[in-house]
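Dear colleague,

I am handing over the structure below, and my notes on what was found in it follow directly after.

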Amino acid sequence: MIKTAKQHLHQSRMGYWQHLRHSLYNAMRLQWIVIDSIIHALFPFVFKTSAARGVVKIYLEMKEHAHLRKMINQEKAKNK
């Protein structure tokens, strides 16, 4: 388990603390997207595009990471 964690950090090109901060930041952003989506579900006139924009923004940022680009391309090939 430690070996795979080290491999992941290496592939991510981040140290442990940088990765921790990055992952917690994204988790917090995703929680806000969930809250926006729930509010939008109840009141469709509120937060019309903020959840979708948040998801797209996170996706575009994640494409900047080489190991995630590889995973995204594999998923695209699989779904063709």
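**Fold and helix packing**

From the N terminus on, the elements of the protein chain run α-α-α-α, with four helices and zero strands in the chain; helices (H or I, at least four residues) and strands (E, at least two) are DSSP runs, numbered from the N terminus. This is a predicted model, in which local features need pLDDT of at least 70 and side-chain atom pairs count only at pLDDT 80 or more, while totals for chains, interfaces and linings use all residues. Residues are numbered from 1 along each chain as its sequence is written, and side-chain values use heavy atoms, with hydrogens and water left out.

The mean pLDDT (the predictor's confidence in each residue, from 0 to 100) is 91 for the protein chain, and 100% of its residues reach 70 or more.

Helix α2 packs with helix α3 (residues 50–62) at an angle of about 155°, their axes being 8 Å apart; axes are lines fitted to C-alpha atoms, for helices over the stretch in contact, and angles run from 0 to 180 degrees between N-to-C directions. The two helices are therefore roughly antiparallel to each other (angles over 145 degrees). The contact (heavy atoms within 4.5 Å) is made by R29, L30, I33, D36 and S37 of α2 and by S50, A51, G54, V55, K57, I58 and E61 of α3.

Best regards

Definitions and conventions
Angles under 35 degrees count as roughly parallel, over 145 as roughly antiparallel, 65 to 115 as roughly perpendicular and the rest as oblique.
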